[in-house]
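Please prepare a short briefing on how the parts of this model pack against each other, with the cut-offs stated as they come up.

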Amino acid sequence: MRVNFTVNGRQQEADDVWEGESLLYVLRERMGLPGSKNACEQGECGSCTVRLDGVPVCSCLVAAGQVQDREVVTVEGLADYAKHREDSHPGGACGSVCGGTSLQEARQWQARPADRVTDGQTGEGGELSPIQQAFIDAGAVQCGFCTPGLLVAADELLERNASPSDADIREALSGNLCRCTGYEKILDAVRLAAARQEETV
Amino acid sequence: MDFLRPASWEEALAAKAEHPTAVPIAGGTDVMVEINFDHRRPEYLLDLNRVAELREWAVGEETVRLGASVPYTTIMEELRTELPGLALASHTVASPQIRNRGGVGGNLGTASPAGDAHPALLAADCEVEVESVRGSRLIPIDEFYTGVKRNALAEDELIKSVHIKKAAGPQQYSKVGTRNAMVIAVCAFGIALHPDTRTVRTGIGSAAPTPIRAKAAEEFLNAALEEGGFWDSKKIITPSIAKQFAELASGAANPIDDVRGTANYRRHAVGIMARRTLGWTWESYRGNGRSTEGVA
Amino acid sequence: MAGTKTTTGAPTEVTQKHNKGGIGESTLRPDGTLKVTGEFAYSSDMWHEDMLWGQTLRSTVAHAEIVSIDTVEALKTPGVYAVLTYDDLPAEMKNYGLEIQDTPVLAHGKVRHHGEPVALVAADHPETARRAAAKIVVEYKELPVITDEASATAPDAVLVHEGRTDEYIEHVPHPNIVHNQPIIRGNAEEAAKKADFIVKGEYTFGMQDQAFLGPESGLAVPAEDGGVDLYVATQWLHSDLGQIAPVLGLPEEKVRMTLSGVGGAFGGREDISMQIHACLLALRTGKPVKIVYNRFESFFGHVHRHPAKLYYEHGATKDGKLTHMKCRIVLDGGAYASASPAVVGNASSLSVGPYVIDDVDIEAIALYSNNPPCGAMRGFGAVQACFAYEAQMDKLADKVGMDRVEFRQLNAMSQGTLLPTGQPVDSPAPVAEILRRVKARPMPPERQWESSEGADVRALPGGLSNTTHGEGVVRGVGYAVGIKNVGFSEGFDDYSTAKVRMEVINGEPVATVHTAMAEVGQGGITVHAQIARTELGVQQVTINPADTQVGSAGSTSASRQTYVTGGAVKNSCELVREKVLEIGRRKFGSYHPAWATAELLLEGGKVVTDGGETLADLAELLEGETVEVEAEWRHRPTVAFDKKTGQGNGHVQYSFAAHRAVVEVDTELGLVKVIELATAQDVGKALNPLSVVGQIQGGTTQGLGVAVMEEIIVDPKTAKVRNPSFTDYLIPTILDTPTIPVDVLELADPNAPYGLRGMGEAPTLSSTPAVLAAIRNATGLELNRTPVRPEHLTGT
């Protein structure tokens, strides 16, 4: 079957989709957007978390056909999404159209660290959303497999709750498993992003 | 496999009539796991995401009509007053991501004894509105669960909504899992005080082949409350009544040993949850809710 | 599937610039930006035009003869390119294995455990491959299953492996025992007579899974020269290579391996999983083949932590001195040997724990059984022992009537103490001090769930499940301490290789580090960049992808990579520095006498004297020059343990951690909330403090998991795995994980690079017994098994 939907602000079309494919599979194997991760494929780890019409969901549990005419934001589009949100509604939610990656760009996706020199002091490389930057700065990334899903979930938390308590953070991220960090530095990262957000307001 | 995408409820019913083996999919929580893990290859998937009315709810005089696909997150946030037991149960469902997608229609459709919504629905009392091209009917929740992962739906019927009695008194819900979040129930217990009818209803999950009510416990408690004049006096429930209620609730369970827990533990835990949730609801009824209601 | 790409996701170098960023600083991960943008390519993200998907058919029974395999229908399936069984294996060598080559690439005549690979399919879509695999008909004739020591060593026991020829068969008491290691020192029998108190205990440790989040996956691309390029997530490229090439019938140089992004490892990638299968399918079909396990398959795709039975006896005098220890540790290795022999070595040699006991009688064994194969997991044999000896310490302290921490401190080892193997501990061993530090911490406040609006269930046992608002909740506190060896022991030639290059790019001196070290998340590449900056005085360091084009780095396991590959990078940097200085002397030596006389350093992009005088700019010095060194580096040699007495200097270094666990237990429902897990650990030298703390917190949490929830449950009647999913194999969520305050000590080990101590595993040891001790403290129950489940706490 064919599925048309919006990914990271751009209209996309997937052809020859098997009806049992998940949104996660379509993103990873057909859209060239492997940032959303396939850790459990049963909704028990959160690594594949994306925004579907603004709502965080496990993309492994969304049938590809269910996203017809809907909007998806993945970790690859998170920085643009956050930037657009900040530009249009400082402190508020993203509107219906956010900036994004074109399919062309997406298909040419490459691990491209070679042309990107990261700054070892701040981790600063390209344009990152505040939560992405905070994850690097707080040491919240080890193997990084859980990171994309956590970032999407944490960004959404900070969108609706600018200064969450620790209990709020724990509850909001309770659907995202991490096996490396013991979560302490993930908590640090969310606290850091919230504090930085507060400073800029 | 074919993917059917009805744009309206009528189209969905027509599709189900034409393809009775079609598997409805809404939140995907159960169906997609079965597909991803190669446990199931339905001939047709019937997507209900485009049927807007399934995501609607209406608060009436007596009942809340809750669309089958209203996400658990919405129930938690919007219906806490009208459906406190179900709101608490919704909060225990899997993870925030799952709660954003799943609704009671999925729990009812799968009819797994471990579905988190069942004990709350049984305790609150409700009717399941199902429909086919032949017409619609309301199935009382007590007649809905017919066997292990089986329900009273005909093969051409779909679940449209649940008509849940609005809370006239305190309700509670507890679930035991071996993790503090994102966990399937080892067993669960729901309780609702109905001061309007001077009755108490219960629901037990994961401790029998189907979700059940602890009927003997309810009958005992109803009689004890009535005889003791508790509804009017709002006296503290005596420990012996609570103990007897808990024992009868425990006795209602008919659990098995499995990887999630032993049968003995389930019987034990149902009793503990019955005693505690009775205490919380009754204290709340007495006007001491603040100290006994959990917050999160 | 249309696409314009060839291979995508192939790892490339990462470059990081930092104006200080030497060792001891908390520099950030060079791959951090890639990992937060989703651009970092994990092995499952690999993609290739025209690639096929590989699927593995696994046994549905644990122990059976294979009567027949019928692949006809599978092969007929449109879209299927190949179906392979044992008969299709191309080389003489058909087995692989870390220590013993006992594992068939595909089952031959027999399956020995549930989920053993039997056949492979390659097809143009994963669903096509799955459907085809389902059409393969395998007829099994079931055999009795061996599931424990009694069934393994019964007189009429079926042999899991017949005709063993490995090096261990000569000394093991039974062919269903992979390896046994006795350790005898002093005279435990005699010393027991001095004991005023004797404590005996029998302990059970459940089977833990590494549960790394990135399932096994990789891409094999057939090459024009008849070889294959393999992109894969592993812990040790060269160990894989040595096992893969022979069964493909290829020379090692024709199997070119590159490390893809690794989604965690924790020991679970030490063994081969899909590597050989993907190569076989790629070579057979002439097309790139990708294999990605789902979570269900991942539980069968790698070895687990050995479940164990541990029998301990300790004695103490009435003033609290340990008199003797006897123990017997039975590890279940499952169907194939994997790392079992080395796990036995660790379990036996570390069975005493970080205590002084002169008279010991120890034996550890690993069984062959029809349970899932077990091998490496963080802590590697030391974890199971620590769980048992720490429970013993509490019981003994109570009998003696001493404070449990003081009792441990009184008996704690220190520098100079002899291990039961007779080997002296020749670097600081601050066991008493780390215990003191965790004990001295202020206690977390009581009843943190109480709020003005009621009980916050998120802070209570049961969490969001709303099981208690404070009823039945009792607090408990427990302590534990452990010892872990660092590096590969028992005479293993444990070395690493680093290639370091220095050159001028855009007018700036730049270092490039190339090793085969598997970065699995631990932050090894961060540290390599730091070492290069410290040793070579550069700001910019490029880390090349790990591959087999450079010499072996050894495994990312045994807490060894910062020590050994870090040591190799340091060594190669020193050799590069010497060459750079030679060039300097040649070019500029005549301008300044210090070139010949002074101790020269590379700092801030310059050559400076130890007095701080600048002699040259590196950019100028290296103009037109490239300096490159590839060199191996080894830690001190070790020797094998004596087969009968266990004596010998088998270990390289030790790592010590202590924990204090504070738990709250709903004693009626048997649910546990860990409130705090305070820890103190000596790391010798924290090369990157941020990473060190992250490792300690992560390791601590894995120990918490196996204390209260994590266990692979195997049916004792069928040896089949009952919970291969994240629905029923639970690992801690953020709501299960407490605050983990960390106290890092830096007592240098004079034998190690920078004085560092391998530190990744120690926190996993003592975390589990500390939590168990706290639960015992709250409940008064004995609790001799882990994980502890609600039914154990409620007597149901």
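In chain C, the axes of H10(C) and helix H11 (residues 404-411) come within 9 Å and cross at roughly 105°, where axes are lines fitted to C-alpha atoms, for helices over the stretch in contact, and angles run from 0 to 180 degrees between N-to-C directions. The model is predicted, so that local features need pLDDT of at least 70 and side-chain atom pairs count only at pLDDT 80 or more, while totals for chains, interfaces and linings use all residues. Residues are numbered from 1 along each chain as its sequence is written, and chains are lettered from A and ligands numbered from 1 in the order in which they are written.

**Helix pairs**

- H10(C) and H11(C) are therefore roughly perpendicular to each other, given that angles under 35 degrees count as roughly parallel, over 145 as roughly antiparallel, 65 to 115 as roughly perpendicular and the rest as oblique.
- Met393(C), Asp394(C), Leu396(C), Ala397(C) and Val400(C) of H10(C) meet Arg404(C), Phe407(C) and Arg408(C) of H11(C), a contact being two residues whose C-beta atoms, placed from the backbone, lie within 7 Å.
- The residues of this contact of H10(C) with H11(C) divide into five nonpolar, no polar and three charged, where Ala, Val, Leu, Ile, Met, Phe, Trp, Tyr, Cys and Pro count as nonpolar, Asp, Glu, Lys and Arg as charged, and the others, Gly among them, as polar.
- Helix H17 (residues 689-708) and helix H18 (residues 762-779) of chain C have axes that come within 7 Å and cross at roughly 40°, which makes H17(C) oblique to H18(C).
- The residues of H17(C) that make the contact include Ile696(C), Gly699(C) and Leu704(C), and those of H18(C) include Pro763(C), Val771(C) and Leu772(C).
- By class, the contact of H17(C) with H18(C) has nine nonpolar, seven polar and no charged residues.

- Helix H9 (residues 340-349) of chain C is mostly covered, with ten of its ten residues buried; a residue is buried if 20 or more other C-beta atoms lie within 10 Å of its own, exposed if 12 or fewer, and partly exposed in between.
- What covers the buried residues of H9(C) includes strand E10 (177-185), strand E18 (322-332), helix H10 (382-400) and strand E23 (473-486) of chain C, helices (H or I, at least four residues) and strands (E, at least two) being DSSP runs numbered from the N terminus.
- Ser489(C) lies in the loop between E23 and strand E24 (495-505) of chain C, and Ser489(C) is buried, with 26 other C-beta atoms within 10 Å.
- Not counting residues up to four places away in sequence, Ser489(C) touches Gly345(C), Thr638(C), Gly650(C), His651(C) and Val652(C).

**Domains and chain contact**

- Chain C is divided into domain 1 (52-143 + 215-262 + 269-301), domain 2 (149-207 + 307-382), domain 3 (415-487 + 651-794) and domain 4 (495-634), with bounds that come from an automatic or database domain assignment.
- The C-alpha centres of domain 1 and domain 4 of chain C lie 40 Å apart, and their contact takes 13 residues from domain 1 and 14 residues from domain 4.
- The contact between chains takes 38 residues from chain C and 37 residues from chain B.
- By class, the side of chain C that touches chain B has eleven nonpolar, 15 polar and twelve charged residues.
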